Amino acid sequence: MKIDILSDVHFDYYFHHQKWKKDEVIEFYKKIIDLENIGDVLVIAGDVGHYNDQNIRILKILKQFYKNIICVLGNHDYYLVGKENKSLFKDSFERVENMRELINAQDGIYCLNGDIVEIDGVKFGGCDGWYNDGYFARQYPTGFFPKKSTNQQWKNCMNDANFIVGIENFDDIFEIERPKIEAVYKKCDVMITHINPSAKNEHISVRYQNSSSNVFFCFEGEKYLKNGSMKYWLFGHTHEEVNYIEYNVQCICQPLGYPSESGNGEWVKVKQIEVIKV
C-alpha cells in the first residue's frame with residue numbers, strides 16, 4: 001500500500017473560507033500530489049483548517065484523487081475564530097465533534113479518534129494527541145516546573161491559549177487524548193497524531209532544538225514507541241520536515257504549513273511511504 005503524507009494543510013490560509021472555487025483547489029493540489037504515482041491513502045496529520053464547512057468541502061474535492069483519506073485533527077481545528085464559529089459552537093469541543101461527524105459521514109474519509117481503520121489489511125490508528133511537559137522533564141530531569149509557570153509561558157507564546165475555548169491548562173487536552181492513544185498503539189501498523197510523540201531534543205527540528213517552547217510541540221511518548229505495534233508514526237504541528245527512527249518506528253512529519261513557508265505550495269510535495277502487510 002502506498003500512503004501519501006501531509007499535515008498542517010490550513011485550508012483557509014490558502015483559500016478564503018467564503019470566496020474560493022473548486023478549480024483553484026484542484027490546481028493547487030496538482031502541484032503537491034504526484035498524480036502519476038498517487039498513493040492509495042492520503043493521511044492528513046492535523047490542522048485541516050478553521051472552518052468546518054470549508055474543510056469538508058475541500059476534503060471531498062481531494063477525495064477525487066484518492067481512494068481513501070484518513071485525518072486526525074490539530075490544535076487549529078479546535079480554534080473558535082470569527083463570528084461564524086462563535087455563533088455555531090459553544091466551545092472548541094463542540095466544533096471538533098462536528099468536524100469529526102462531517103468527515104466520518106463521507107465514504108472513504110475517516111477522522112480517527114482513538115479508533116482503528118483497516119484498509120487492505122493495513123491498520124491505521126490514531127487520535128489528535130496533544131503536548132505535555134515531557135520536553136521539560138527530559139531537558140531538566142532534576143528540575144521542578146510548576147504547572148502555573150508553564151501555563152504562563154503557554155499563554156505568552158501559543159495562540160492555543162487564546163483561541164481554544166473550554167480548557168484552562170496547557171495539557172488539559174493531553175489528558176483527554178492519552179486514553180485514546182493507549183487504546184490503539186498496540187493494535188495498529190500506522191499511528192497518526194498531530195503532535196510529535198518524542199520529547200527527545202534530537203527528534204525535534206534542528207532550527208528549534210533547545211527552545212523552551214518545544215514543550216508545546218511534543219509529548220513524552222517513549223513507552224508507546226517502544227511497546228507499540230506500529231511501523232510508522234505520522235505527525236504534524238511543527239511546520240518543519242522531520243524524519244527519525246525510534247525503537248524501529250519511522251516517525252515522519254511532512255507539513256504544508258503556511259503559504260509563506262511552502263512558497264504557496266511550490267516548495268512542498270507529499271511524502272510517500274509504502275507499507276507492506278505481512
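Reader: What is the strand order of the open sheet of six strands, and what is its pairing?

Author: The order is β5-β6-β7-β8-β10-β9, with mixed pairing. Strands here are DSSP runs of E of at least two residues, numbered from the N terminus; helices are runs of H or I of at least four residues. Two strands pair if DSSP finds at least two bridges between them. This is a predicted model: local features need pLDDT of at least 70, side-chain atom pairs count only at pLDDT 80 or more, and totals for chains, interfaces and linings use all residues. Residues are numbered from 1 along each chain as its sequence is written, and side-chain values use heavy atoms, with hydrogens and water left out.

Reader: Why do β5 and β9 stand at the edges?

Author: β5 (115-119) and β9 (242-246) each have a single partner strand, so one side of each has no neighbour in the sheet. The twist from one strand to the next averages 20°. Axes are lines fitted to C-alpha atoms, for helices over the stretch in contact, and angles run from 0 to 180 degrees between N-to-C directions.

Reader: What makes β8 and β10 a pair?

Author: Four bridges link β8 (residues 232-235) to β10 (residues 249-253), in the parallel sense. The definition asks for at least two bridges, so the two strands pair. Y232 stands opposite Q250 in β10.

Reader: Which strands make up the open sheet of five, and in what order?

Author: The order is β4-β3-β2-β1-β11, again with mixed pairing. β4 (109-111) and β11 are the edges: each has a single partner strand, so one side of each lacks a neighbour in the sheet. Neighbouring strands of this sheet are turned by 20° against each other on average, direction ignored.

Reader: How many bridges join β1 to β2?

Author: Four bridges join β1 (residues 2-6) to β2 (residues 41-45), and the strands run parallel. At least two are required, so this counts as a pair. The bridge partner of I5 in β2 is V43.

Reader: Why is N248 called exposed?

Author: Its relative accessibility is 71%. Exposed means over 50%, buried under 20%, and partly exposed in between (1.4 Å probe, protein chains only). N248 is over the exposed cut-off, so the label holds. N248 is found in the loop between β9 and β10. N248 has a positive phi of about 65°, although it is not a glycine.

Reader: Why is N264 called partly exposed?

Author: N264 has 41% relative accessibility, so it counts as partly exposed. N264 lies in the loop between α11 (259-262) and β11 (271-274). Its phi is positive, about 55°, although N264 is not a glycine.
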